[in-house]
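Trainee: I would like to learn how to read disulfides and helix packing in a model. Please take me through one case.

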Amino acid sequence: MKISNTPNTSSTITGFILLGFPCPREGQILLFVLFSALYLLTLMGNGSIICAVSWDQRLHTPMYILLANFSFLEIWYVTSTVPNMLANFLSDNKFISFSGCFLQFYFFFSLGSTECFFLAIMAFDRYLAICWPLHYPTLMTGRLCANLVISCWVLGFLWFLIPIIIISQMSFCGSRIIDHFLCDPGPLLALTCTRVPVIELTSSTLSSLLLFIPFLFTMVSYALVLQAVLKFPSSAGRRKAFSTCGSHLTVVSLFYGSVMVMYVSPTSEHDAGMQKIVTLFYSVVTPLINPVIYSLRNKDMKHAMKKLLGT
């Protein structure tokens with residue numbers, strides 16, 4: 001990649017260099033094997049949930065339909081970063097084209113935004129099921145469930161569209177080396193020829209709204225659920241309700257706990273190593289362990305998984 005000493009417009013940029021995880025060749029191969037295994041396990045785990053929900057008639061309910069959609073989302077979320085990361089482990093120049101970088105930027109953040117909305121409507125579904133059990137079939141209809149799913153996907157893919165388009169039109173100067181394993185807004189904005197506070201503020205505001213609004217909605221839903229569960233007359237009913245909600249709350253905690261560290265203020269100065277570790281956690285580790293969390297804590301899902309595997 002040729003680097004000019006004078007500022008270039010985005011139209012003349014050939015690409016960026018993603019440093020990833022600098023280490024000797026042997027280490028790169030080891031990381032390639034490790035992340036290939038994690039990626040395959042993620043695909044298998046989330047794919048199993050989709051198949052189990054599709055094939056078991058008892059799981060054709062809003063709760064499991066949302067879970068299957070969430071697993072489908074997780075497959076694409078991890079696919080937006082890991083294949084390119086694997087290619088970089090075996091590459092000598094770590095090059096990513098300009099269009100490839102911004103496509104990854106767009107899909108990674110759009111899928112992450114969609115995940116925030118999905119976590120919120122899954123909490124809303126649990127609120128309706130536990131707080132309004134007699135009215136739940138008439139409230140959470142198949143049509144409403146479908147509309148909620150579609151809304152999550154549409155909102156997720158529109159949320160960051162305009163800022164990403166604007167950033168892609170900016171001028172980039174210097175080495176164009178991104179000390180990360182993906183095209184992240186912080187390192188990208190750091191490479192622009194001139195600082196544009198409006199874009200940085202807009203990006204930070206959208207990130208904050210995206211995280212806090214669904215998160216607060218989720219927490220309010222579960223606060224109402226907790227209030228209702230504590231009024232249950234039987235301990236068995238309380239245990240079942242807590243077990244049903246526990247899986248989702250665990251996933252919410254893992255996802256938001258790591259994401260909020262990074263993207264409430266996307267242009268703030270973070271240590272590059274810490275950026276990579278935290279990003280790895282919510283973009284690779286969380287999609288890997290989500291199927292385990294949902295399967296181990298749910299009897300219906302465990303039964304469907306055993307039926308799927310023929311055991």
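The dialogue below turns to the disulfides and then to the packing of helices.

Mentor: First, the ground rules: this is a predicted model, in which local features need pLDDT of at least 70 and side-chain atom pairs count only at pLDDT 80 or more, while totals for chains, interfaces and linings use all residues. Residues are numbered from 1 along each chain as its sequence is written, and side-chain values use heavy atoms, with hydrogens and water left out.

Trainee: How many disulfides does a search of the whole structure find?

Mentor: A disulfide is a covalent bond between the sulfur atoms of two cysteines. Here the term is applied to a pair of cysteine sulfur atoms within 2.5 Å. The search of the whole structure gives 2 disulfides. In one, the sulfur atoms of C101 and C183 are 2.0 Å apart; the other joins C173 to C193, with an S to S distance of 1.8 Å. Counting bonded cysteines along the chain, the pattern is 1-3, 2-4.

Trainee: Which parts does the pair of C101 and C183 tie together?

Mentor: Helices (H or I, at least four residues) and strands (E, at least two) are DSSP runs, numbered from the N terminus. C101 sits in helix 4 (residues 98-131), and C183 in the loop between strand 3 (177-178) and helix 8 (185-190), so the bond links parts 82 residues apart in sequence. The torsion about the S-S bond of C101 and C183 is about -130 degrees, so this disulfide is left-handed.

Trainee: And what is the handedness of the disulfide of C173 and C193?

Mentor: Its S-S torsion is about 100 degrees, so the disulfide of C173 and C193 is right-handed. C173 is in the loop between helix 7 (161-168) and strand 3, and C193 in the loop between helix 8 and helix 9 (197-229), so this pair ties together parts 20 residues apart in sequence.

Trainee: Are C101 and C183 buried or exposed?

Mentor: Buried means under 20% relative accessible area, exposed over 50%, and partly exposed in between (1.4 Å probe, protein chains only). Both C101 and C183 are buried. C193, at 27%, is partly exposed.

Trainee: Now the packing. At what angle do helix 4 and helix 6 cross?

Mentor: Axes are lines fitted to C-alpha atoms, for helices over the stretch in contact, and angles run from 0 to 180 degrees between N-to-C directions. The axes of helix 4 and helix 6 (residues 142-159) cross at roughly 145 degrees and come within 7 Å. Contact means heavy atoms within 4.5 Å. Residues of helix 4 including F107, S110 and F117 meet residues of helix 6, among them W153, G156 and F157.

Trainee: Where is S110, and what does S110 touch?

Mentor: S110 belongs to helix 4 and is buried, at 1% relative accessible area. Apart from neighbours within four places in sequence, S110 is in contact with G156 and F157.

Trainee: How does helix 4 pack with helix 7?

Mentor: Their axes are 10 Å apart, at an angle of about 160 degrees.
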